[in-house]
Amino acid sequence: MTISQDVAVATSALSRLSDADLSSLLTIRHFEWQLLELFSKGGVAGTTHTCLGQEHVPVALSALMRPEDSVFSNHRGHGHYLARYQDPFGLLAEITGRQGAVCGGAGGSQHLFRAGFLSTGVQGQLMPVAVGVALDLKIREEPGVAVAFIGDGTWGQGGVYEALNLAQLWRVPLITVVENNGIAQSTPTDSQLAGSIAGRAAGFGIRYVRVTGLDVNAIREQLASPLEQARAGEGPLVIEFETYRLGPHSKGDDTRENLTVARLAAHDWYALYGQQYPEQFRRIDADRRTLVAEVVRDVMTRPLLGASDA
């Protein structure tokens, strides 16, 4: 089943988060909001793609990952990076090409590199790379896994299927995380994806888990065992998250009707956690808002990097 762009993910009562988890969620949210604001003022060159509405996915997975794991991200990967490294200063410096950039200002918003982390704006490009890393982990009998984040639209890339075929054939520890936000740039998933992601995983005999809802604690409980099975040599795993894209595709280019976006926003985790745990939420939200504002003030006063600095 795919998600229509007009239907929000079903939600229920959310369990109380630790301060650290809520802090991680809110850091990503305020970072992305500030990034769009900077772009509107000319502070960011090129393009940028935010993960607004999808922050719970990498935050939930972060506690299940280990330092030896490798993450392969995509064009909408700021949340993936921040959930793993808690480094908003380095990330914003990278995006704006300023001193302290995580990879010398050479990557910008989409192409990030750090030990254990790689992202690219080319859809599906890193799936074969992730399989190669997973194969190396298996050959060397290392405990890590390769985690590749892709979207529903990326299932139109042939490299995804070649990668999944070899991953299952070689039984490598590859975790494919599908953030199915119901829309591929401006095309609803129901208009571009035949069948289902579950069916496509089944075609390769790959284990599949479907995650709905926004409860970070519940997601971890659901995924702990399947992830450990992958670590234990039981082959690759596809995890499909039913989620949504609250922000534009990139910058301000949202082609959806205002009513559609409003329906999604009504089920945003930001509002739901604020309603259910108001005291904790207000305290940490104010703290993260202040932190990210300080990140922007600090980074935007740093000198720009030149070509020789990359």
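A residue counts as buried when its relative accessible area is under 20%. Threonine 176 has 0% relative accessibility, so threonine 176 is buried. This is a predicted model, and the report below walks through some of its parts.

**Confidence**

The average pLDDT of the chain is 90. A score of at least 70 is reached by 91% of the residues. Residues 1-10 have a pLDDT below 50. That stretch still has 35 contacts in the model beyond near neighbours in sequence. Where pLDDT is low, the predicted coordinates should not be read in detail.

Start with threonine 176. Strand β5, residues 174-180, holds threonine 176. Its contacts, leaving aside neighbours within four places in sequence, are Met127, Ala148, Ile150, Leu164, Leu237, Val238 and Ile239.

Next comes valine 57. Helix α2 is the place of valine 57. Valine 57 also has 0% relative accessibility, and therefore counts as buried. Setting aside neighbours within four places in sequence, valine 57 touches Phe149, Val177, Glu179 and Phe241. Glutamine 99 is 42 residues from valine 57 along the chain. The C-alpha atoms of these two residues are separated by 30 Å.

Serine 250 sits in a loop, the one between β9 (237-242) and α9 (258-265). Is serine 250 buried or exposed? Its relative accessibility is 5%, so serine 250 counts as buried. Leaving aside neighbours within four places in sequence, serine 250 is in contact with Thr47, Thr48 and His49. Between serine 250 and valine 211 there are 39 residues of sequence separation and 25 Å of space, C-alpha to C-alpha.

**Helix pairs**

| Pair | Angle | Axes |
|---|---|---|
| α5 (126-139) and α6 (158-170) | about 15° | 8 Å apart |
| α3 (78-85) and α4 (88-96) | roughly 150° | within 10 Å |
| α1 and α10 | about 135° | 11 Å apart |

Take α5 and α6. Angles under 35 degrees count as roughly parallel. At about 15°, α5 is therefore roughly parallel to α6. The crossing of α5 past α6 is left-handed. On the α5 side, the contact uses Met127, Pro128, Val131, Leu135 and Lys138. On the α6 side are Gly159, Val160, Ala163, Leu164, Leu166, Ala167 and Trp170. By class, the contact of α5 with α6 has 10 nonpolar residues, 1 polar and 1 charged. Two of its residues, Met127 and Leu164, are also among the contacts of threonine 176.

Now α3 and α4. Their axes cross at roughly 150°, and angles over 145 degrees count as roughly antiparallel. So α3 is roughly antiparallel to α4. Here His78, Tyr81 and Leu82 of α3 meet Pro88, Leu91 and Ile95 of α4. This contact of α3 with α4 holds 5 nonpolar residues, 1 polar and no charged ones.

Helix α1 brings Leu25, Leu26, Arg29, His30 and Trp33 to the contact. Helix α10 brings Trp269, Tyr270 and Tyr273. The contact of α1 with α10 has 6 nonpolar residues, 1 polar and 1 charged.

**What covers α10**

**Two residues with positive phi**

Most residues other than glycine have a negative phi. Glutamate 141 is not a glycine, yet its phi is positive, at about 60°. Glutamate 141 belongs to the loop between α5 and β4 (146-151). With a relative accessible area of 72%, glutamate 141 is exposed.

Arginine 171 also has a positive phi without being a glycine, here about 55°. The loop between α6 and β5 contains arginine 171. Its relative accessibility is 35%, so arginine 171 counts as partly exposed.

Key
Residues are numbered from 1 along each chain as its sequence is written. This is a predicted model: local features need pLDDT of at least 70, side-chain atom pairs count only at pLDDT 80 or more; totals for chains, interfaces and linings use all residues. Side-chain values use heavy atoms; hydrogens and water are left out. Helices (H or I, at least four residues) and strands (E, at least two) are DSSP runs, numbered from the N terminus. Buried means under 20% relative accessible area, exposed over 50%, partly exposed in between (1.4 Å probe, protein chains only). Contact means heavy atoms within 4.5 Å. pLDDT is the predictor's confidence in each residue, from 0 to 100. Axes are lines fitted to C-alpha atoms, for helices over the stretch in contact, and angles run from 0 to 180 degrees between N-to-C directions. Angles under 35 degrees count as roughly parallel, over 145 as roughly antiparallel, 65 to 115 as roughly perpendicular and the rest as oblique. A crossing is left-handed if the near helix is turned anticlockwise from the far one by less than a right angle, and right-handed if clockwise. Ala, Val, Leu, Ile, Met, Phe, Trp, Tyr, Cys and Pro count as nonpolar, Asp, Glu, Lys and Arg as charged, and the others, Gly among them, as polar.
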